[in-house]
Amino acid sequence: MITYFPAIYPDELVYSLLSRFYLQSGYLSYTYAAEDIYAYKQVRPDHEFINVLHPEMREMIAKTVPMEKLVEKHTMYPYYGRFMGKFRRRKAFESLVTLNGNYKNLLAMPTKRDGADRFLRYCPLCAKADREQYGETYWHRGHQMVGVNVCPIHKCYLVNSSILISGKATPNLTAAEKVVPEGEAISRCNNLLELRLAEYTLAVFQAPVDIDSNVSAGRFLHSKLKGTKYISDSGLFRNLTVFYEDYLHFYEGLKEKTKMELWQVQKIFNNYRYNSYEICELAMFLNIPTQELVRMALPEETQHMDTLYRRVSKELDADFDIVKNIGDAVLKIYQTEHRVQQKCGAKGYQWSKRDTELLPEVKRTIKELYGNGADRPHKITPSLISRKLELPDKQLEKLPLCKAEILKYEESQQHYWAREVVWAVYKVLREGQSLNWRQVRNLTNMRRVNFEACLPYIDEMVEEEMAERIKHLL
Ligand SMILES: [Zn+2]
């Protein structure tokens, strides 16, 4: 029975909160605390994310901070997940919120930096300020960003603590207050460029994440090249060599290893790399305000065409970028020849206005119905959403943005069954009942043959061990 629980501090890691709880609750040893904190007491506490918690502990924390907020504001999720493709970004977020333990497969988390072990870090001046304000210090998220070595608030270098972030560490929870010394010598940073980049990266890290954004960092950065010498007049071909030369020149004052190679820059533009620090480096060089990088809005006509290109690339089973390149080239020729007449007039305008206005409502409804682990999932279809929003028949056909949003969730019946099974399994487990086929069948009304048909999709939804359990239910 947990009787006392500390409040979480701004930008504090969940690991830090739990370590303060352990320190302040008077447990005889870590093992006793681990029994109360974690669902599996032998687990190695995750410094950057959240392990599967004991139900009572989970409830205790959720009373003060909703899980979504905990993940977004108190784990490293935005740092590793923000610029990932939508599917993985969403999956990782959901698996952190529902604590199903699958996030490790989805987020690439480096335990080492340039071959050296990573440790939890702190800023001696932040520690001093914490102690003055709260009477103790804590582990700050903002000090753990790989690639950033200074505290932009105090303009000094971060310090490695003795707490190792790696699989080798003996399971334990160590509060910052126990290991961060007082009155430590400060190492000032006088490199203005390094400070500016740290400040930029921190601002992006701490901004809200748009879990549902369809725009990749590569596409967004590409759109920002428009009108520069780094892109051809048609807007299709990047001149990355010139871009890279100027990038190196811009960051001349930074240490060599913090700068990227040309091929790495290329991979970012082609959406094969999504490291926050690297993307911030490029965005700051392109003079993109942090608020814009966080929103990643594309110019409107691009977004509109993208929906079409996505459909074509799906239909032809062809690479999206190729379809887009061809499509854009054709459009360009047509537009200059004035052969394309835009749909216009008052009616067209009204529909497009309605489309934009209704979109947030559609997104909200989908979010409610899709299921987030706790609620039973629904299969998202145009007719379900029309019904829920009480839209007249066929109206969605006139609302391309809303329709495209719904189609993003298109899934096969088997895929949907798999989501239902996962939901049922976790419900049974959460309620402390024994897991067997009968329970799952009662909850889902699913026939044996349907259950078998959905099994291939289980792997992408849960961790290996759980997938095996589910596959052996029959
Ligand atoms: Zn500081």
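Which residue has its backbone nitrogen 3.0 Å from a polar atom of the side chain of Ser 161? The residue is Ile 163.

This is a predicted model, in which local features need pLDDT of at least 70 and side-chain atom pairs count only at pLDDT 80 or more, while totals for chains, interfaces and linings use all residues. Residues are numbered from 1 along each chain as its sequence is written, and side-chain values use heavy atoms, with hydrogens and water left out.

**Ser 161**

Ser 161 belongs to strand β6, residues 159-164 (a strand is a DSSP run of E, at least two residues, numbered from the N terminus).

| Backbone atom | Distance to a polar atom of the Ser 161 side chain |
|---|---|
| Leu 120, oxygen | 2.7 Å |
| Ile 163, nitrogen | 3.0 Å |

Leaving out residues up to four places away in sequence, Ser 161 touches Phe 119, Leu 120, Arg 121, Tyr 122 and Trp 139 (contact means heavy atoms within 4.5 Å). Ser 161 is buried, at 9% relative accessibility (buried means under 20% relative accessible area, exposed over 50%, partly exposed in between, with a 1.4 Å probe and protein chains only).

**The zinc site**

Cys 123 (SG), Cys 126 (SG), Cys 151 (SG) and His 154 (ND1) are the protein donors of the zinc ion, at 2.1 to 2.3 Å (donors are N, O and S atoms within 2.8 Å of the metal, or 3.2 Å for Na, K and Ca). Their spacing along the chain is C-x2-C-x24-C-x2-H. The site is tetrahedral, with angles of 102 to 113° among the four donor atoms (for four donors, all angles must lie between 85 and 135 degrees). Cys 151 is buried at 1% relative accessibility, whereas His 154 is partly exposed at 21%.

Definitions and conventions. Four donors count as tetrahedral if all angles lie between 85 and 135 degrees; four count as square planar and six as octahedral if opposite donors are over 155 degrees apart and all others between 65 and 115; anything else is irregular. Helices (H or I, at least four residues) and strands (E, at least two) are DSSP runs, numbered from the N terminus. A polar contact is a pair of N or O atoms within 3.5 Å; within protein, one must be able to donate a hydrogen and the other to accept it, and residues adjacent in sequence count only if both atoms are side-chain atoms.
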